Every structure is written in C-alpha cells, then in structure tokens.
Amino acid sequence: PAAVLFGRTLIQQRQLDRAEQLFNEVLARDPGNRAANGGLAAIAVLRDDTSAAQEAYRASLTQYPGDLFSSMNLAYLQAQDRDYDGMRDTLEAAIAANPTAVQPRLILSQYFISLRDADKAIDTLLLIEPENENNPGVARVMGIAYLLAGNQVAAEARAKRLLKLAPNDASARVLAARTAAVAGDFNDALAHLKRAAELAPESNEVRKLTIEVLAMAGDVKAAVSQYDELPDEVKAQPNSRLFRGRLAMATGDFSTAEKELAAALDARPNTVTAGLLATAQWESGEQAQAVSTLRSWLEAVPDDTVILENLATRQLQMADDDGAVASYRRVTELQEDNVVALNNLAWLLRKTDTEQALAYIQRADELYPRNSAIKDTYAMVELERGRFDEALALNDRALRNAGATADSLRLNRAEILRAMGRGEEARALLERLESSSLAEVREQAGKLLAQ
C-alpha cells in the first residue's frame, strides 16, 4: 500500500512516530501485513528495542507461518540477543515451511559448525546440495563442515568447487588453504593464503590462519614474527592469546607462554587452556604453582577428568603417590572404564594393597587385553602377590607387543627372575640391557646389577 511506502520514507527522514502510526493503521486493516510489520521492526531497531522488533516479526509469522523474510530477520535479531535456541527454532520452522530454501539452511548449518556438530551441519545442507552445486555459500559451508568431520576427501572436493565458482573470493582461498594444511601440503596452503591476503588485505582471519599454517609447517620463528604484526585488538582476543601461548611453548619461552595463557584462561575459562597454563608453569620450574592452577580449576569444575589426570601425572612427578592415587580414584569414579587410571592405580597400589591393585588391573586387562603396558603392570602385581609363574607368563605376553618399550619390560622381567631364584638369568639379562638404546634402561640396569 502507498501508506507503507510513505512510512518507509518517513523512517528514512527519522520521523519514527509518524511512520509507526501509518504502519499501525495498515495493520488495523490488514493484520499480519508483512511490509507493515517489517516497518515496525525497523523502527524498533532504530530505537534499540530488539524485543519490539522481534514481536513485529512474530506477528507477521502468525499470519504467514514460515515466511522467509520475517523468519530470517527474526533469526538475525535472536542471534544478536544471543537467543540461540530461539534462533534455531525460527530457522527450523522456516526450513519446514520452505524445504528447498537455501538461506535458512546455510545459517543453521553454520550454527551447528559453531557447536562443532559436524553431522548436523552436513545433514542440514545435504538435501539441497545437489540442486545448489553452483552456490558458493553451500560449497563453502559444506567444505568447512566436512573438515570438521575429518572427511578430507569431501572437504577438498567442495574447496575445489568453490575455487571454480569464486576464484577471486578470499573465503574460497581460505577453505582451500585449510584443506591443504590438513593434508600436510603447507606450501600449497601458504600459496592460497598469499592470494587471499591480496584479495582481502585487511582480513585478520587470513593473517591468523597464515600464522597457524606457518606453525604447523614448523616455521615457528616466522609464525611469531607475523603474530607480532597483528593489530593489538586482535592479539587481545582470547583465542589469539591462547595461540600465542602455544607458540611461546614451542620455542621454550615459558614465561611468555604463562603470561598469554593466564590472560586467555581469565577471559575464556576452559579445560585446554587450564592444562596448557599448568604445563607452562611446570616447565618454568614453578611446580607448586602448576599444581595450584590445576587444583583451582578442579574447585570450579570438580568432574573434569582431563585435569584430574593432568594433576595425577604432576603428583607422580613430585613423588606424591598418595595424591596421585586420590586423583586417579576420582577419575575412576567418574569414568569407571578409564584404562589409564585403572592401570596407574594398579601400579601405585601393587605393594601396599595388592588385592585392590589386582581388581584394577584385571578390569584394565578386560578392556585392553593386547596392551603390553597393562600386561606388564599385571605381571608386577602378580609378582607382589608371590605368584611368580603367572608374573613371568604375563611378562612374556607383554613382550610380544612391546615394540620400542621392550627393554623397559625386560627390566621388570629381571626382577621377576630374581624373585624366582633365577639370579644368573636375571644378571645375564641386565648385562645385555646395559647396552640398551634407552638411556634410562641402561641406568636402571646398572643400578640393579650393583645391588
């Protein structure tokens, strides 16, 4: 209607009250009029009233369920308000009403990618992909989703298609670079990124990805140099500080790593950053601080098994066996089939509580019957129980699949042989182990021979 057109003109002139009156008059005659509701929404946005804007689009959708224009604008406003559940509901309703429409599927797929749910991201677009092979947006989002899913072949096919459709689009070069980097072709990835930088010289995404690829290629010095050239506001972002911390750790600059990782953890707390910060502190010689960082995290997230295992490892390194036992026990309470915790508990308890150690190692052995480390622990538990024949048989089975760790297991075999009264065999074995390629084995063999 002419009133709607006039109302839009009034909006441009910032005569919002008069425009609002006109749109409401239209709606009184034609409830649910999309153009009038859109006008009211535009006015609400200009007034920074996103709730009123959303209500206007909902009113339109009540009259015209699934209307794409209203749906897409409502979803955009919901995303701005961080109402992601509402956004998802709106997009899914739009897809149900318009099964072949591309835009709501693209946005919903990207939302699933942000959640790292590759399967849902792919499923959302899979139905319409054959009819939209020439749509660059579909190729790009599907390529990203397949990368997330670990399907390198499918991701590379979409990247190649996108390059044909949009050879001068920086995002096409970025996707091609990502697929090349995952394949280990870092030169190709950097060539694509160089072209992307020419197409989008102000793109921080291109700069950051270039730094990541340089680091992946092992050129950490170049990666650090380019990182230092990033704008300060980019370097201040939590993900950037996390990445800089990783770079610093790769160069042995643990002081810088600790500073960057602490800032990243403060801005965006998560398990990965907490673990990395503790590692940087440990490598800096701040062992107590590293343990304190892990304990502080567990006070906030007591069921974090990754950090619990990290803490147990540090406790072992500090000869705090009781602390390690407590940490591993907590892990098994949360994950009863955590084989690392089961195996390590059996090892730690083999001398002080052999029956409990036996229960732990039997469960681990049920889960991974071919694992040489578990068989080795099992052998040493049986040694402590005085079951020497069983211990030697288990050591035999451990050695069958030991590979590079075989000499470490032979040290334990020497202990079993000694316990069985076969000292000469044990000595002969230890003398051979003094020539082992593993320094720690040579050292331990020498100590055992000296006893």
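**Aromatic pairs and a helix crossing**

Let's start with one side chain. Tyrosine 57 has a relative accessibility of 7%, so it counts as buried. Keep in mind that this is a predicted model.

Now, the aromatic pairs. The structure holds three of them. One is formed by tyrosine 57 and phenylalanine 69. Their ring centres are 6.3 Å apart. The planes sit at 70°, and the pair is edge-to-face. This pair links distant parts of the chain. Tyrosine 57 belongs to helix H4, residues 50-63. Phenylalanine 69 belongs to helix H5, residues 68-80. Phenylalanine 69 is partly exposed, at 48% relative accessible area.

Next pair: tyrosine 111 and phenylalanine 112. The ring centres are 5.8 Å apart and the planes meet at 45°, so this pair is tilted. Tyrosine 111 is buried, at 12% relative accessible area. Phenylalanine 112 is buried too, at 4%.

On to the helices. How do H10 and H11 cross? H10 covers residues 152-165, and H11 covers residues 170-182. Their axes come within 9 Å and cross at roughly 150°. Angles over 145 degrees count as roughly antiparallel, so that is what H10 and H11 are to each other. The crossing is left-handed.

Who makes the contact? From H10, the residues include Ala155, Ala159, Leu162 and Leu163. From H11, they include Ala172, Leu175, Ala176 and Val182. By class, the contact has eight nonpolar, three polar and three charged residues. Among the others in it are Glu156 and Arg158 of H10, and Arg173 of H11.

How values were computed: Residues numbered from 1 in each chain as written. Predicted model: local features only at pLDDT ≥ 70, side-chain atom pairs only at ≥ 80, totals over all residues. Heavy atoms only, no water. Axes fitted to C-alpha atoms, helices over the stretch in contact; angles between N-to-C directions. Helix = DSSP H or I, 4+ residues; strand = E, 2+ residues; numbered from the N terminus. Parallel < 35°, antiparallel > 145°, perpendicular 65-115°, else oblique. Left-handed = near helix turned anticlockwise from the far one by under 90°. Contact = heavy atoms within 4.5 Å. Nonpolar A, V, L, I, M, F, W, Y, C, P; charged D, E, K, R; others polar. Phe/Tyr/Trp six-rings, centres within 6.5 Å; stacked < 30°, edge-to-face > 60°. Buried < 20%, exposed > 50% of the residue type's maximum accessible area, 1.4 Å probe, protein only.
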